[in-house]
Amino acid sequence: MSSHDGIEGAPFGSHVDYVLDDGGNPVMLMNDMSMHTTNIRDSGEGSFVTLFTQLSGAQGGQDVSRVSLTGTINKIPDDSEDMDAIRMRYSITHSYADQVMDSPKFSFFRMTPAKVYFVGGFGVMAKWVEPEDYRDAEADVLAREASSIIAKLNRDHGEDLLLTANHLLDVENLETIRVTGVDRLGMDLRVTRQIRRNKLQTDEFRVGFRIPVISVEDAKSEILKVFQEAWEKGENIVWDSDDSLPGSDVPIVQIAADNLY
């Protein structure tokens with residue numbers, strides 16, 4: 001909350017960089033004289049602060065996954081047992097940190113989340129997450145590569161995505177299809193179709209992998225298998241050793257539907 005004359009008590013937003021400690025708590029390096037640091041100090045111990053963060057990469061706007069963390073924030077003592085790890089992590093993540101972290105004007109602050117709100121993207125799942133579940137969560141094996149995989153699929157595999165929509169998702173009157181998410185269990189596809197004149201509907205589908213992947217190469221292989229089976233179904237190809245239609249055992253579920261236009 002702001003402590004500035006005339007807007008005392010009003011919400012005050014500011015941009016700060018951060019890293020996560022081993023418990024998933026955001027750690028920020030802040031100037032003791034900055035407005036957000038002043039507001040935190042003047043708000044008193046136990047006051048709540050909200051940190052909003054979202055996935056970066058080729059996607060932008062409301063399409064990306066994002067999370068709001070609300071909790072208490074406290075200055076980290078210089079003799080904290082994890083201070084060396086925090087300094088190293090911050091230095092690696094933020095190139096400017098080495099120039100200021102030893103200055104007496106800068107201090108590290110740790111936020112302890114009490115409320116966590118996750119949004120999967122525009123028109124996709126949003127939910128409150130228990131802080132214990134957040135702390136116990138582990139980063140997905142594709143977390144660092146997801147944005148580049150998504151960008152490549154949308155840029156270079158338009159025809160494959162079209163076949164997937166037509167033959168695996170059974171979508172007719174397709175307008176657009178885009179990949180919006182990829183993780184070790186599958187990928188999310190956003191499909192916009194025309195349901196009647198001047199009326200479009202956007203649906204979100206989850207296309208699962210048959211087995212959880214353990215690497216980027218595994219993910220690429222599973223995605224190409226989905227594309228291959230969509231093509232085979234479109235070509236009415238059935239292998240003699242298998243009576244089932246191609247793609248019939250690909251896990252697919254519609255996870256969101258809305259008239260967004």
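Select aspartate 22 to begin: this residue is exposed, with a relative accessible area of 71%. The model is predicted, so to speak of local features requires a pLDDT of at least 70, and side-chain atom pairs count only at pLDDT 80 or more, while totals for chains, interfaces and linings use all residues. Residues are numbered from 1 along each chain as its sequence is written, and side-chain values use heavy atoms, with hydrogens and water left out.

**First stop: salt bridges**

The term salt bridge denotes a side-chain nitrogen of Lys or Arg within 4 Å of a carboxyl oxygen of Asp or Glu. Helices (H or I, at least four residues) and strands (E, at least two) are DSSP runs, numbered from the N terminus. Arginine 89 counts as partly exposed, at 30% relative accessibility.

Next, select aspartate 203 and arginine 193, whose side chains meet in a salt bridge (3.2 Å, N to O). Aspartate 203 belongs to strand β9 (residues 199-208) and arginine 193 to strand β8 (residues 186-196), 10 residues apart. Is aspartate 203 buried or exposed? Aspartate 203 counts as buried, at 2% relative accessibility, whereas arginine 193 is partly exposed, with a relative accessible area of 25%.

Then select arginine 210 and glutamate 229. Their side chains meet in a salt bridge at 2.6 Å, N to O. Arginine 210 lies in the loop between β9 and α7 (216-234) and glutamate 229 in helix α7, so the pair ties together parts that are 19 residues apart in sequence. Glutamate 229 is buried, with a relative accessible area of 15%; arginine 210 counts as partly exposed, at 34%.

To finish this stop, select Asp21, Asp82 and Arg110, which are linked in a network of salt bridges. The structure holds 16 salt bridges.

**Second stop: phenylalanine 118**

Select phenylalanine 118, in strand β5 (residues 106-119). This residue is partly exposed, with a relative accessible area of 26%. Which residues does phenylalanine 118 touch, not counting residues up to four places away in sequence? They are Ser65, Arg66, Val67, Met125, Ala126, Lys127 and Val129. Here a contact means heavy atoms within 4.5 Å.

Select helix α5 (residues 146-156) and colour its buried residues: Ala146, Ser147, Ile149, Ile150, Ala151 and Leu153. What covers them includes α6 (158-167), β7 (174-183) and α7.

In soluble globular proteins, nonpolar side chains tend to be buried together. A nonpolar core is a set of buried Ala, Val, Leu, Ile, Met, Phe, Trp, Tyr and Cys residues joined through side-chain atoms within 4.5 Å. Select Leu169, Val182, Met187 and Leu189: of the 26 residues in the largest nonpolar core, these touch the most other members. The elements that give two or more residues to this core are α5, α6, β7, β8, β9 and α7. Its largest share, five residues, comes from α7.

Centre the view on valine 182. Leaving aside neighbours within four places in sequence, valine 182 is in contact with Leu142, Ala146, Ile149, Ile150, Leu153 and Met187. A second, separate core of 12 residues includes Met28, Val67, Phe109 and Met111.

Most residues other than glycine have a negative phi. Select asparagine 173, in the loop between α6 and β7; its phi is near 55 degrees, a positive value. Asparagine 173 is exposed, with a relative accessible area of 54%. Then select asparagine 236, in the loop between α7 and β10 (252-258). Its phi is near 60 degrees, also positive, and asparagine 236 is exposed, at 67% relative accessible area.

**Last stop: the whole chain**

Show the entire chain, which has seven helices and 10 strands. Buried residues make up 38% of its 261 residues.

Terms used: Buried means under 20% relative accessible area, exposed over 50%, partly exposed in between (1.4 Å probe, protein chains only).
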